[in-house]
Amino acid sequence: MDHFPIFVNLKGRRVVVSGAGETAVAKLRLLLKTAATISVYGLDVHPDIRTWAEAGKLRLSARPLQEGDATCAVLLYGANDDPAEDRRVAEIGRRAGAMVNIVDNLAESEFITPAIVDRDPVTVAIGTEGAAPVLARRIKAQVEEALPQSIGALARIGQGFRKQAEALPMGRRRRDFWSRFYFKRGPQALAKGGEIAAREALSELLDDSLNARADLGRVFLIGAGPGDPELLTLKARALLHEADVVIHDQLVTQPILELARREAIVVETGKKGFGPSWKQDDINALMIKHAAQGRHVVRLKSGDPTVFGRLDEEMDALDDAGVAWEIVPGITAASAAAASMGASLTKRGRNSSLRILTGHDMQGFAEHDWRDLAKPGATAAIYMGKRAATFIRGRLLMYGAPDNKPVTVVENASRPDQKILSTTLLALPELLTAARVDGPAILFLGMSPRAALEAADEIADKKTEIL
Ligand code: SAH
């Protein structure tokens, strides 16, 4: 991010616009929404600028900007549509200590004006660092659609009620009160009885909230899915957005964590590289501590929390401490990886059951029903299987699995750096090393990706033809 978004209070501050044509008019339309003191300098004055000047909305000097004109200005716009002239006035602006924007010239500007959705006092600013104005316009249109005009009215009414709302303790209870107003009671009341009704709704809601007994904290054990934030459930997303505390495993990706509120306490418990990971007891204690303070705690685990998520230990600890909890399922790595392979996890005629295995458990490499797994057509999704690959191969070959039993490795499923490797049981451990599979990976025993299957079918067809 090169351009840091901020909202500047322009009330009573000086803004200078050099240029008086169409380009200047476009900027002035935005600037006139503020309470800035605006001065325009330029020849060939556009009629709109004249009208605004006559109405006292801005000060017009029908001549080029000169040294001294930008004194005390905080912002200066070069809107002359003339690179040489814009450069000249930009220098004057800089010497006067103003921040300078040359319209449509990112390289020579200190700041840029974003696309704006105006629901005063709610303002949404959209910027793409100049990379994609078309995209900004598209997003603007979508945001316009998502923000009804009534949002502005509700925000204004809410603004006038902030003092009274301080009767509620800061934090969750106050936030809940406001979200109920903005997203439920407020819009309903406004639609039925206008602003007066919305104000009444606010007072009623405050009474209700003050009378409600203090909320106890709760822990949500949430599946974050395999990494792609679009694969989060809507429920997970909403709860994450509401969370006071987010306690997450190392496999939870950054784009997902960014959905948490800025004020939320975010704690990572997994190990990074060879760093230490948290003890389960410490994680439990942390969840309980925050919940006891009435906080809304999100315990975020990769994939689905009920699959190799050490969930039971956490549920037991929460039960013992009398803390309420709820599980929100997520998309497990095997589902995401199968989707990436373009393959089904079950298939008529191939496998009517699927095993979900772990490569190692508390005792070390995990033992399974190898005889059954070695049978033709047997399939399994193996989690945490990388380090156990040689062991798994040894066991399966010992129980009669063919050397060429297909194995597909999906690393970083659903993430930008996803890799799909198609191999055989015999070649598996060496492939994992050679391909440097460092990220989280699922091993699919007895399954090939769709493309590989098709290629194999083609070869088989050709052989038949030759024969
Ligand atoms: N609860 C998780 C599994 C946690 S165990 C789930 O349901 O997916 C951790 C193992 O999950 C990793 O060792 C790896 O085998 C697998 N895994 C997690 N995320 C993955 C991803 N994006 N791609 C491939 N495998 C993944």
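Biologist: Which domains does the domain assignment of the protein give?
Modeller: The assignment gives domain 1 (14–113), domain 2 (150–211), domain 3 (218–331) and domain 4 (335–466); such bounds come from an automatic or database domain assignment. This is a predicted model, in which local features need pLDDT of at least 70 and side-chain atom pairs count only at pLDDT 80 or more, while totals for chains, interfaces and linings use all residues. Residues are numbered from 1 along each chain as its sequence is written, and side-chain values use heavy atoms, with hydrogens and water left out.

Biologist: What makes the Trp370 and Phe391 pair edge-to-face?
Modeller: Rings of Phe, Tyr and Trp (its six-membered ring) pair if their centres lie within 6.5 Å; planes under 30 degrees apart count as stacked, over 60 as edge-to-face and the rest as tilted. The centres of these two rings, Trp370 and Phe391, are 5.9 Å apart and their planes stand at 80°, so the pair is edge-to-face.

Biologist: Why is Trp370 called buried?
Modeller: Buried means under 20% relative accessible area, exposed over 50%, and partly exposed in between (1.4 Å probe, protein chains only). Trp370 has a relative accessible area of 5%, so Trp370 is buried. Phe391, at 17% relative accessibility, therefore also counts as buried.
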